[in-house]
Amino acid sequence: MAENRKKVAIIGGGITGLSAAYYLQKQCREENLPIDIYLIEASSRLGGKIQTLRKDGFIIERGPDSFLERKKSMGVLAKELGIDDQLVHNATGQSFVLVNDQLHPIPGGSIMGIPTEWKPFVTTGLFSWSGKLRAAGDLVMARSGIDEDQPLGTFFRRRFGAEVVENLVEPLLAGIYSGDIDKLSLHATFPQFYEVEKKHRSLMLGMKKTRPASSTPQAANRKPQGIFQTFSSGLQTIVEALEEAIPDVTVSKGTKLETVQKLPENRLRLVFTSGESLDVDSAIFTTLHHQTAEIFEEHGILQHFEEVPLSSVATVAMAFSKSQVNQEKEGTGFLVSRKSDYAISACTWVNKKWPTTSPDGKVLLRSFVGKSGDESIVELPDHEIEKIVLNDLRKVIQITGDPEFTVVTRYQKAMPQYLVGHKERLQKARQELAEQFPMVQLAGASFEGSGLPDCIDQAIRAKDQVIAYLKPHLS
């Protein structure tokens with residue numbers, strides 16, 4: 001029996017790799033499959049960008065801070081791991097956009113910047129009357145008739161004009177992908193808007209029709225619940241639970257893959273920088289696209305991925321005593337219009353949005369710096385970044401004294417950019433692998449969604465593909 005066992009390697013120990021390991025182990029147990037699983041991580045820790053700092057009673061996310069509840073895979077996984085009782089929703093509250101040194105409330109009824117209620121849109125100070133009239137043109141404008149992929153910026157400017165895009169749509173959409181909306185792919189990032197225009201013509205009318213409605217009067221009067229979730233002790237909770245839940249998996253940290261070799265009978269040799277190697281029957285690569293391209297470079301495939309850029313961002317968390325901070329606006333945070341003269345692109349009032357993150361009497365502000373095309377600030381020393389961010393915040397919020405402490409976290413060349421033509425590049429990559437390395441699957445933030453549930457969904461699909469590939473050879 002031992003000689004018939006198969007080996008599967010998962011390259012990368014972020015949320016995608018951990019989820020793939022967990023679900024592969026689960027199916028192997030349920031079906032008694034003779035498969036040995038290896039999880040290979042180049043760094044000294046698992047979790048990838050998920051990293052929670054627990055300090056002086058604060059819970060500080062150094063990477064992502066939450067996920068969309070409507071994308072169910074994270075909630076399902078949390079329940080399986082027995083940690084769903086630790087899930088908490090964000091507190092609802094007003095969000096703002098900083099334009100011309102003023103915080104303007106995001107108009108009520110906006111869905112990703114698209115108005116679905118007329119009164120908040122007409123009365124907002126975010127746009128001039130000419131900007132509002134131009135945006136209203138969406139109500140009568142014909143469908144574009146463009147079926148091929150296009151930049152997000154092109155799509156939304158045609159529907160709403162430049163002002164609404166620059167002051168509302170761009171800060172919302174660009175922040176999600178840390179990218180330039182004039183380069184990001186409509187089909188790969190927000191295909192639902194393309195479908196809404198195709199079906200309803202007007203984005204405003206289409207989004208209004210497709211917006212979930214309250215089914216009962218009681219539901220309509222109930223206090224709205226936040227659409228995001230995290231864990232009461234931070235997102236690292238799920239990383240810790242997953243690591244504990246994969247005892248059948250051989251986990252190797254601090255092990256960097258250098259290259260791969262194709263062996264007879266469609267087996268794969270993984271060669272590490274240490275000089276050691278591991279022969280496997282199948283592999284799931286969850287590494288970023290440029291890292292995967294480097295590994296396969298000598299085989300002449302996946303090289304178009306090297307042309308896809310990665311953006312750099314930094315987060316700056318600052319802790320204060322409540323007496324130091326006077327917020328005239330009540331809300332959960334603000335975005336910054338790209339044309340504004342600020343280094344920060346957004347700020348979350350974390351103690352308001354996530355009350356479980358901060359001790360009583362404390363304020364936690366988390367700012368983001370690094371904009372597509374202007375990322376040099378990310379390379380500055382911590383004390384210089386702190387000074388720049390604090391100066392920006394003081395223009396918006398009344399802050400006295402210095403923070404009790406500051407935590408700066410950099411992600412340099414770490415945020416994948418889904419450029420126009422992304423889906424075609426991904427299809428080409430999978431065709432190349434199918435022809436030369438049919439035992440290899442791709443999954444992760446570089447490919448079909450960078451949100452945590454998206455990564456889990458990709459991990460499950462990759463696991464299914466590996467099982468389907470190996471099953472004819474399992475005894």
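The chain has 56 positive and 59 negative side chains, and the centres of these two sets are 6 Å apart. The model is a predicted one. It contains 16 helices and 22 strands. The radius of gyration is 24 Å, close to the 23 Å given by the globule rule for 475 residues, so the chain is as compact as a globular protein of that length.

**Overall dimensions and surface**

- Along the principal axes, the C-alpha atoms of the chain fill a box of roughly 70 × 55 × 50 Å.
- Buried residues make up 53% of the 475 in the chain.
- The chain exposes about 21200 Å², and carbon and sulfur atoms supply 49% of that area.
- Of the contacts between residues at least 6 apart in sequence, 74% join residues at least 24 apart.

**Nonpolar cores**

- The largest nonpolar core has 43 residues, and those that touch the most other members are I15, I35, L77, L81, F231, I238 and L242.
- At least two residues of this core come from each of β1 (6–11), α1 (15–31), β2 (35–40), α2 (73–81), α11 (236–244) and α16 (452–470).
- Apart from its neighbours within four places in sequence, L77 is in contact with S19, Y22, Y23, I238, L242 and I456.
- A second, separate core consists of 34 residues, including F160, I181, F190 and M204.

**Buried positions**

- T315 is in strand β15, which spans residues 310–321. Its relative accessible area is 6%, so T315 counts as buried, the cut-off being under 20%.
- Not counting residues up to four places away in sequence, T315 touches R62, R366, S367, F368, V407, V408 and T409.
- A429 is part of helix α15 (residues 422–436). With a relative accessible area of 0%, A429 is buried.
- The contacts of A429, leaving out residues up to four places away in sequence, are L302, H304, F305 and L442.
- A429 and V325 are 104 residues apart along the chain, and their C-alpha atoms are separated by 51 Å.
- Q417 is in the loop between β21 (405–416) and α15. Although in a loop, Q417 counts as buried at 5% relative accessibility.
- Beyond its neighbours within four places in sequence, Q417 is in contact with Y177, S178, G179, D180, L184, V308, P309 and S311.
- The C-alpha atoms of Q417 and F447 are separated by 9.7 Å, the two residues being 30 apart along the chain.

**Partly exposed and exposed positions**

- I388 lies in helix α14, residues 382–396. The relative accessible area of I388 is 28%, so this residue is partly exposed, between the limits of 20% and 50%.
- Once its neighbours within four places in sequence are set aside, I388 is in contact with A343, I377 and L380.
- I388 and A343 are 45 residues apart along the chain, with 7.2 Å between their C-alpha atoms.
- E330 is in the loop between β16 (325–326) and β17 (333–336). At a relative accessible area of 56%, E330 is exposed.
- E330 is in contact with Q94, F96, W349 and K352, leaving aside its neighbours within four places in sequence.
- The C-alpha atoms of E330 and K6 are separated by 57 Å, and the two residues are 324 apart along the chain.

- D101 is a residue other than glycine with a positive phi, near 65 degrees. D101 is in the loop between β7 (95–99) and β8 (102–105).
- R201, which is not a glycine either, has a positive phi of about 75 degrees. R201 lies in the loop between α8 (191–200) and α9 (203–210), and at 22% relative accessibility R201 counts as partly exposed.

Terms used:
Residues are numbered from 1 along each chain as its sequence is written. This is a predicted model: local features need pLDDT of at least 70, side-chain atom pairs count only at pLDDT 80 or more; totals for chains, interfaces and linings use all residues. Side-chain values use heavy atoms; hydrogens and water are left out. A nonpolar core is a set of buried Ala, Val, Leu, Ile, Met, Phe, Trp, Tyr and Cys residues joined through side-chain atoms within 4.5 Å. Buried means under 20% relative accessible area, exposed over 50%, partly exposed in between (1.4 Å probe, protein chains only). Helices (H or I, at least four residues) and strands (E, at least two) are DSSP runs, numbered from the N terminus. Contact means heavy atoms within 4.5 Å. The radius of gyration is taken over C-alpha atoms; the globule rule is 2.2 Å times the number of residues to the power 0.38. Accessible areas come from the Shrake-Rupley method with a 1.4 Å probe; for residues, only the protein chains shown count as cover. Lys and Arg count as positive and Asp and Glu as negative; His and the chain ends are not counted. The place of a charge is taken as NZ of Lys, CZ of Arg, CG of Asp or CD of Glu.
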